Amino acid sequence: MNWATCPLAELPAHIFARLDRATRHPGDPMRTPVLGTIGGGRVAMRTVVLREVHADERRVVCHTDVRSAKIGQLHAHPAATWMFSDPVELVQVRAKGRTTIHCQNQLARRLWDQLPAVSRLNYCTTNPPGTELRSPEFALPPGLRGQKPTAENTIAGWENFAVVITAIERLDWLWLAAAGHRRAIFGWKARAWKGQWVTP
C-alpha cells in the first residue's frame, strides 16, 4: 500500500483492501482492531479479531460470545466504532457504522463451520465472559479441561457463537509521515464515498 501517492477519491478502496489483506495474515496488526461500543452511558472497548471484510458492502466482521457484554450493548446501541492501526506503516483508521448481530442462523452457521476446533473452544465456557473464577482452568467444563479440542467435543459452543457485522458509514484515516501527517474523512452518501482532506 502506497499511502503517500493515493488520491483522496481512491483512499476508501485502498483502506478496505488493506483491511482485507489483514484477514489473511494472523500477525498483521490490523487483524486485531479495537471495537468500541456504548454501555451504561460509557464507552466500552476491547480487542477483537477481524474475520472478514466485504468492501462492496462496506462491512467488517468479527465473532464473539452471545453472552458477552458487547452483545447487550450493541442491541441497545447498534452504533459501533472500529479502530485499526499499523505501527510500521504509521497508519490509523477509525471506522464507524451500524451493527447487526447474527446467531443461530444460516450466516452464523456458515462461519461456525469454518472455525477450527481450537477457536470453537472459546465458546464452550461454562459461564458468560467476565464471570469470576477460582482458577483460569475452571472456565471450561471438566470434560474439556486439558483435552485437545475436536469438532465433536466443542459442538456445545455453537449455541454461544455470534457474528458481529458493522456496515461502515464513516471513515477517518490518518497517516503519520516525517514530511507532514495526512488525514482524510469520508462519509457514505448517495451510494458513494464523499471525502475531504482535514488537518491531522
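**Burial, bridges and cores**

Me: Why does Glu52 count as buried?
Reply: This is a predicted model, and the call rests on computed area. Glu52 has 15% relative accessibility, and buried means under 20%, so Glu52 counts as buried.

Me: What makes Glu52 and Arg110 a salt bridge?
Reply: The closest N and O atoms of Arg110 and Glu52 are 3.5 Å apart. The rule asks for a side-chain nitrogen of Lys or Arg within 4 Å of a carboxyl oxygen of Asp or Glu, so this pair passes. Arg110 belongs to helix H3 (residues 106-114) and Glu52 to strand S3 (residues 52-54), 58 residues apart.

Me: And why is Arg110 called partly exposed?
Reply: Its relative accessible area is 39%.

Me: What makes Arg94 and Asp172 a tie between separate parts of the chain?
Reply: Arg94 sits in strand S6 and Asp172 in strand S7, so the bridge joins parts 78 residues apart in sequence. The closest N and O atoms of that pair are 2.9 Å apart, which is within the 4 Å cut-off.

Me: Which residue does Arg18 bridge to, and how far apart are the atoms?
Reply: Arg18 pairs with Asp28, the closest N and O atoms being 2.9 Å apart. Arg18 is in helix H1, while Asp28 is in the loop between H1 and strand S1 (34-39), 10 residues apart. Arg18 has a relative accessible area of 1% and Asp28 has 10%; each value is under 20%, so each residue is buried. A salt-bridge network links Arg18 and Asp28 with Arg21, Asp86 and Glu89. In total, the count of salt bridges comes to 10.

Me: How do you know that the span of H1 agrees with a helix?
Reply: H1 has 13 residues, which at 1.5 Å a residue should span 18 Å, and the end C-alpha atoms are 19 Å apart, so the two agree. Buried residues of H1 include Leu11, Ile15, Arg18, Leu19 and Ala22. An α-helix has 3.6 residues a turn, so residues three or four places apart point the same way.

Me: Which residues touch the most other members of the largest nonpolar core?
Reply: Of its 32 residues, those are Leu19, Val60, Trp82, Phe84, Leu171 and Trp173. Elements giving two or more residues to this core include helix H1 (11-23), strand S4 (59-65) and strand S5 (79-86). The largest share, 6 residues, comes from S7. Beyond its neighbours within four places in sequence, Leu19 is in contact with Met30, Leu50, Val53, Val60 and Phe84. There's also a second, separate core of 10 residues, with Trp112, Tyr123, Phe161 and Ile165 among them.

How values were computed. Residues are numbered from 1 along each chain as its sequence is written. This is a predicted model: local features need pLDDT of at least 70, side-chain atom pairs count only at pLDDT 80 or more; totals for chains, interfaces and linings use all residues. Side-chain values use heavy atoms; hydrogens and water are left out. A nonpolar core is a set of buried Ala, Val, Leu, Ile, Met, Phe, Trp, Tyr and Cys residues joined through side-chain atoms within 4.5 Å. Buried means under 20% relative accessible area, exposed over 50%, partly exposed in between (1.4 Å probe, protein chains only). Helices (H or I, at least four residues) and strands (E, at least two) are DSSP runs, numbered from the N terminus. Contact means heavy atoms within 4.5 Å. The expected span of a helix is 1.5 Å times one less than its number of residues.
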